[in-house]
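Subject: Structure for you to look at

Hi,

Here is the structure I promised to pass on. Have it open while you read, and I'll walk you through what turned up.

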Amino acid sequence: MTLALRLGLARGALELKMFVRERAAVAFSFGLPIVLLLIFGTVFKGEVGDTGVDFRQYFAAGIIASGIMSTTFTSLGIAIASERDDGTLKRLYGTPMPRASYFIGKTVSALTLSVAETAVLFAVGGALFGLRPPATPERWLTFAWVFVLGVTACTLLGVAVSGVPASGRSAAAVFNLPYLVLQFISGVFFVFGDLPSGVQQVGALFPLKWMCQGLRSALLPDALLAAEPARSWEHGRVALVLAAWCMGGLVLCLTTFRWKRRHER
Amino acid sequence: MARRPRRRDAGGMAETAVRVRGLRKRYGDVDAVNGVDLDVRQGEVFALLGPNGAGKSTAVEILEGHRRRTAGEVSVLGADPARAGRDWRARIGIVPQTSAENPQLTVREMVRHFASYYPRPRDPDEVIEAVGLAEQAGRRVGRLSGGQRRRVDVALGIIGDPELLFLDEPTTGFDPDARRRFWELIQGLAHDGTTILLTTHYLDEAEALADRVGVIAAGRMLAVDTPARLGGRATATARVSWRDPDGPRHIDTASPTQVVAELSAKFGGEVPELAVTRPSLEDVYLEMIGAVR
């Protein structure tokens, strides 16, 4: 095992240890999607169009995608922005730690938290709203690649956007605003096909819409296709858009990542 | 503190740990550092003194490889910090101006983790002991006092067994007792042969720790000397002051004894309010930085 990977895994373990010990972070970033699932799952009623699919299951699939974005893009991005602001990044930069180890550590912790978040949402959605795990190996495979592409794209975007806020304090606003808006226009809180077409087009520019759609295709029956605007799961397009965001995010990370505060050059 | 002896001059390397010529750092149209020369010998404790905004932290961060310079030559442990890699970073230690975060980790977890970054780290428990945190080793960093946190910073700075240690305003916010104990820690490191480059705006700190001090203000190095000789302090003229019927008087002179004798003759006995004073390090320093304001 190379040094960078070994130290990266050690950093991942350390990040997870810090996360678990920070009770507010656990409660807020990890608990928010679960609370949303509970609240809206209890409030919402009925089925999606006349497809026979319980809207609460549609919503649960969306919340799983949203939970991935919460643990990767939002939590990760805010954490990196405050680590830049409080000098943690600068301190690491001053050591011989391989630069890659930092990103490996972040990826390990984001991936672990996303898996845990998804597992909890599955358990809650299953117990209360009858959400079932993927029914066939093909659907498991779909679930797996949508999950991996979604986590990768959101992680890279979280790292890239972490350079935007001027301070650690403004980071929460910079990350939560797009996250909140995307949840409304990507088919999490509302059925995507019910949104005005202009809103649909904006939503389709961003990864969350495609993560939701991919997860629905893995978790919900094909009867739901009648309510999908494209009348198809569009797996090729889901993969393409998410992969494009991964590439774009990677390029942004490599070109814009800073170890120091903005004025420290 | 048991540790391997430091090689003072490994493989015929230069005796100079830090060599800077004509260092310049420009932000917009302001020169934060404006033509600084600096030599720090191996094993030396060098203090950079200067008011806030004088450019000392900027200069030090260029030496640490944290900032890029606009112009000038810089060699730190024989390498250019702007291009030096991991091997070079393993030989330096940095105690930055702001304290370490990660309040959720214990002192021991943090020091052990940082030890894993270095090829030849010191023993983490020994380092924790050396900075006086043995009793707090299992405590989370977030529950330490400000002075104890600063000791964690020093532990992280020396865990890699550096040849050169940068200390950026290490004792700001310390109480007098904590400062005294911190000085002993630094003196111990210096005694073991670690080269130390320190920035401070406490004159007593520079006087207690440094072999030599450099005074920097408005981006320029105004003087470099031992604390005792800075600004011609040892040979400076003395001031003889007294009161005569017209009010307070003084004479600055190189021969105060003669002046006192003359005054004594003139007054025919006791000279009212007679005092002979020489400039303190603080007087010399304030006069220097006052001249550039």
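Predicted model: local features only at pLDDT ≥ 70, side-chain atom pairs only at ≥ 80, totals over all residues.

**The three-stranded sheet in chain B**

With that term in hand, look at chain B, where three strands make an open sheet in the order 11-10-12, with antiparallel pairing. Strand 11 (247-253) and strand 12 (275-277) of chain B are the edge strands, and each pairs on one side only. From one strand to the next, the twist averages 20°. Strand 10 (residues 238-244) of chain B is joined to strand 12 of chain B by three bridges.

**The six-stranded sheet in chain B**

In general, strands of a sheet pair through backbone hydrogen bonds, either parallel or antiparallel. The other sheet to find in chain B is open too, with six strands in the order 5-6-7-3-8-9 and mixed pairing. Strand 5 (92-95) and strand 9 (220-225) of chain B each have a single partner strand, so one side of each has no neighbour in the sheet. Here the twist averages 15° from one strand to the next. Strand 8 (residues 212-217) of chain B pairs with strand 9 of chain B in the antiparallel sense over five bridges, and B:V213 has B:D225 as its bridge partner in strand 9 of chain B. Helix 5 (residues 146-158) of chain B lies across strand 5 and strand 6 of chain B, at about 165° to strand 5 of chain B.

**A helix pair in chain A**

Over in chain A, how do helix 6 and helix 9 pack? Helix 6 (residues 137-161) and helix 9 (residues 207-219) of chain A make an angle of about 165°, with their axes 8 Å apart. The two helices of chain A are therefore roughly antiparallel, and their crossing is left-handed. By class, their contact has nine nonpolar, four polar and one charged residues.

Cheers

Notes
Residues numbered from 1 in each chain as written. Chains lettered and ligands numbered in written order. Heavy atoms only, no water. Axes fitted to C-alpha atoms, helices over the stretch in contact; angles between N-to-C directions. Helix = DSSP H or I, 4+ residues; strand = E, 2+ residues; numbered from the N terminus. Parallel < 35°, antiparallel > 145°, perpendicular 65-115°, else oblique. Left-handed = near helix turned anticlockwise from the far one by under 90°. Nonpolar A, V, L, I, M, F, W, Y, C, P; charged D, E, K, R; others polar. Pairing = 2+ DSSP bridges. Contact = heavy atoms within 4.5 Å.
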